[in-house]
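Biologist: Before we go through this model, could you show me how to read its features one at a time, giving the general idea and then the case at hand?

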Amino acid sequence: MALVAIPFALVSPRSGGRAVGIGVAIVIAVGYWMVDSVARAFAQADLLPPALAAWTANIVFAGLGTALFLNART
C-alpha cells in the first residue's frame with residue numbers, strides 16, 4: 001500500500017492538503033480490503049487456489065502502485 005501512496009505524497013501541497021491525502025489513504029485502504037475480501041471469497045468457493053487468493057490484493061496493488069509511480073510528476 002505504501003507503493004500506491006507514493007505518487008499521492010509527491011503531489012504539491014497546494015492541490016488539496018492533508019485532508020485530501022487522508023481521504024485518499026482511506027479510499028486506498030478500503031479498496032485493498034475489498035479486493036482481499038473478494039479474493040478470499042473466491043478461494044472459499046473453490047474458484048481460486050488459496051495461495052493465489054492470499055496474494056491477489058498484493059499483486060493488484062503492486063501493479064497499480066507501479067503504474068502510478070512511473071507516471072508521477074516530480
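Predicted model: local features only at pLDDT ≥ 70, side-chain atom pairs only at ≥ 80, totals over all residues.

Biologist: Where in the protein is the confidence lowest, and where is it highest?

Modeller: The mean pLDDT of the protein is 83, with 77% of its residues at 70 or more. Confidence is lowest in helix α1 (residues 2–9), where the mean is 66, and highest in helix α3 (residues 50–71), where it is 91.

Biologist: How many salt bridges does a search of the whole structure find?

Modeller: As a general idea, side chains of opposite charge can pair when their charged atoms come close. Here the search finds one salt bridge, in which the side chains of arginine 40 and aspartate 36 meet at 3.0 Å, N to O. Both residues lie in helix α2 (residues 18–44), four residues apart, which is about one turn of the helix.

Biologist: Is arginine 40 buried or exposed, and is aspartate 36 buried or exposed?

Modeller: Arginine 40 counts as exposed because its relative accessibility is 53%, above the cut-off of 50%, whereas aspartate 36, at 15%, counts as buried, since the cut-off for that class is under 20%.

Biologist: What share of the residues of the protein count as buried?

Modeller: Of its 74 residues, 15% count as buried, while the protein exposes about 5,500 Å², 71% of which is supplied by carbon and sulfur atoms.

How values were computed. Residues numbered from 1 in each chain as written. Heavy atoms only, no water. pLDDT = per-residue confidence, 0-100. Helix = DSSP H or I, 4+ residues; strand = E, 2+ residues; numbered from the N terminus. Salt bridge = Lys/Arg side-chain N within 4 Å of Asp/Glu carboxyl O. Buried < 20%, exposed > 50% of the residue type's maximum accessible area, 1.4 Å probe, protein only. Areas by Shrake-Rupley, 256 points an atom, 1.4 Å probe, with all protein chains shown as cover.
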